[in-house]
Amino acid sequence: MNTPFQYKDSVKEHWVDYNGHMNDAAYAEVFSHAVDALMNYFGITEDVIHEQKYTIFTLETHLCYLQEVHQGEPITVEWQLLDHDAKRLHVFFKMKNSNGDLVATSEQMLMGMDQHLGKPSPFLPFIQEKIDRIWNEHEHLEQPKQAGRVIGIRRK
């Protein structure tokens, strides 16, 4: 089994807004840092990005804000692989507070990119191997409640 991925941080003073809790844009920033950490987890280090000109881009994201978090509060981001193909990852991040309460989620579509060509490209073999191992662990996990949500006003 793979070492579980986690991104840890704490709510910075400049992330807190006039309501006294973390600003909506700061949640996006935390999840963006989590994507960077996930890339590193897959072995897409700065060296790989510079030497092999390969990286991952975020194509789409959907945030759900579930609870307030306040300055100094520790936060942890975990993830689940919902689906994948040769070039894309459909991932789901869960942000939790120090009590383990779910405070926000981010569903994202990520794509492997060949920076030489400036085009989408299949994952490098060592990345694909890790994705395949993780998929074997994640493919039977229950889909998170917030995954696949559509924004809209519910009508009766």
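Reader: What do the buried residues of α3 pack against?
Author: They pack against α1, β2, β3 and β4. Keep in mind that this is a predicted model.

Reader: Which residues of α3 are buried?
Author: I127, Q128, K130, I131, I134, W135 and H138. They cover an arc of only 160° around the axis, so they sit on the same side of α3.

Reader: And which are exposed on the other side?
Author: P125 and N136 are exposed there.

Reader: What span should α3 have, at 1.5 Å a residue?
Author: Its 14 residues should span 20 Å. The end C-alpha atoms of α3 are 20 Å apart, which agrees.

Reader: Switching to the core. Which residues touch the most other members of the largest nonpolar core?
Author: M22, F42, W79, L89, F93 and M95. That core has 38 residues.

Reader: Which elements give two or more residues to this core?
Author: The helices are α1 (24-42), α2 (46-52) and α3 (125-138). The strands are β2 (54-65), β3 (74-84), β4 (88-97) and β5 (102-114).

Reader: Which one gives the most?
Author: α1, with ten residues.

Reader: You named F93. What is F93 in contact with?
Author: Leave aside its neighbours within four places in sequence. Then F93 is in contact with F5, F31, A34, V35, L38, V77, E78, W79, A104, T105, S106 and Q108.

Reader: New topic: β1. Where do its side chains point?
Author: They alternate along residues 7-10. Y7 and D9 point to one face and are buried.

Reader: How many bridges join β1 to β3?
Author: Four, and the two strands run antiparallel. In β3, P74 is the bridge partner of S10.

Reader: What about K53? Where is it found?
Author: K53 is in the loop between α2 and β2. It has a positive phi of about 55°, although it is not a glycine.

Reader: Why does K53 count as partly exposed?
Author: Because its relative accessibility is 30%.

Reader: Last one: H62. Which strand is it in?
Author: H62 is in β2.

Reader: And what does H62 touch?
Author: It touches T105, S106, E107, R149 and I151, not counting residues up to four places away in sequence. A polar atom of the H62 side chain lies 3.5 Å from the backbone oxygen of R149.

Key
Residues numbered from 1 in each chain as written. Predicted model: local features only at pLDDT ≥ 70, side-chain atom pairs only at ≥ 80, totals over all residues. Heavy atoms only, no water. Core = buried A, V, L, I, M, F, W, Y, C linked by side-chain atoms within 4.5 Å. Buried < 20%, exposed > 50% of the residue type's maximum accessible area, 1.4 Å probe, protein only. Contact = heavy atoms within 4.5 Å. Expected span 1.5 Å × (residues − 1). Arc of directions from axis to C-beta. Pairing = 2+ DSSP bridges. Polar contact = N/O pair within 3.5 Å; in protein donor to acceptor, adjacent residues only side chain to side chain.
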